[in-house]
Amino acid sequence: MNGGFYTKENLPLGIFKAGNNILNLSAHTNELFNGFVYKTKSNQLIISRVAPVLENTEFAFQSGPLFSGETKLNIISDEPARRMLLGKTQLDQFYILAITESLNTFSGPRLTDLPQIVNIYNQQSSTKHQPLTTLINLDGGSASAFYNTQGTSFKELTAIGSFICGK
């Protein structure tokens, strides 16, 4: 699936490291891009508000907002769009979520609606899995994509700056 946000100049917004390549060392500081996703050299996947020490990571990028089901998001320019999220449970299980409209997969909820959607998801699915306690929004809308080996896909409309690949 797609990773974090990119500027119109095709540069990562905030910290970005892939392998030995560091494309941006500067954290973007605002309430919207308030989270980091990184994998440590000891193979731990982390979602955090604290920027990683890049020398200790395999990859790292900044995105946001980082939130939980109890978070109240205050966003001025909030438009409906497809949302791609990386979520984590208390047991460090990770989930990828794509939230779209049923008839238009390029559209979806507003960012401010995400905590309520997560709460409903947690309440309806609590017997099937642990509740999601931490989530981070990845680049969404037309610059988002998802592909899996079972044939499920959400294709992008505009260029994507980075992909997260995993199993």
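**Strands, hairpins and a pocket in a predicted model**

Strands β3 and β4 make a hairpin with 4 residues between them, and Asn-43 in its turn has a positive phi of about 75°. Strands here are DSSP runs of E with at least two residues, helices are runs of H or I with at least four, and both are numbered from the N terminus. The model is a predicted one, in which local features need pLDDT of at least 70 and side-chain atom pairs count only at pLDDT 80 or more, while totals for chains, interfaces and linings use all residues. Residues are numbered from 1 along each chain as its sequence is written, and side-chain values use heavy atoms, with hydrogens and water left out.

The protein chain holds 1 helix and 11 strands, arranged from the N terminus as β-β-β-β-β-β-β-β-α-β-β-β. Its radius of gyration, taken over C-alpha atoms, is 15 Å, close to the 15 Å that the globule rule (2.2 Å times the number of residues to the power 0.38) gives for 167 residues, so the chain is as compact as a globular protein of that length. Along the principal axes, the C-alpha atoms fill a box of roughly 40 × 35 × 35 Å. Buried residues account for 44% of the 167 residues, where buried means under 20% relative accessible area with a 1.4 Å probe and protein chains only.

Strand β1 (residues 16-18) pairs with β2 over 3 bridges in the antiparallel sense, and Lys-17 stands opposite Ile-22 in β2.

Another strand worth a visit is β7 (residues 83-89), where 7 of the 7 residues are buried, so the strand is largely enclosed by the rest of the structure. Arg-83, Leu-85, Gly-87 and Thr-89 point one way from β7, whereas Met-84, Leu-86 and Lys-88 point the other way. Strand β7 pairs in the antiparallel sense with β8 (residues 94-99) over 6 bridges, with Met-84 opposite Ala-98. The hairpin of β7 and β8 has 4 residues between the strands, and Asp-92 takes a positive phi near 60° there. Antiparallel pairing over 6 bridges also links β7 to β9 (residues 132-138), where Ile-136 is the bridge partner of Leu-86.

Finally, the second largest pocket holds about 310 Å³ of space. Among its 16 lining residues, Phe-5, Ala-81, Arg-83, Asp-139 and Gly-140 are the closest to its centre. A pocket is an open set of points on a 1 Å grid over the protein atoms alone, where a 1.4 Å probe fits and protein lies on both sides within 12 Å along at least five of seven lines; lining residues have an atom within 4 Å of a point. The volume is the space filled by probe spheres set on the points, which are joined across faces, edges and corners.

How values were computed:
Pairing = 2+ DSSP bridges. Buried < 20%, exposed > 50% of the residue type's maximum accessible area, 1.4 Å probe, protein only.
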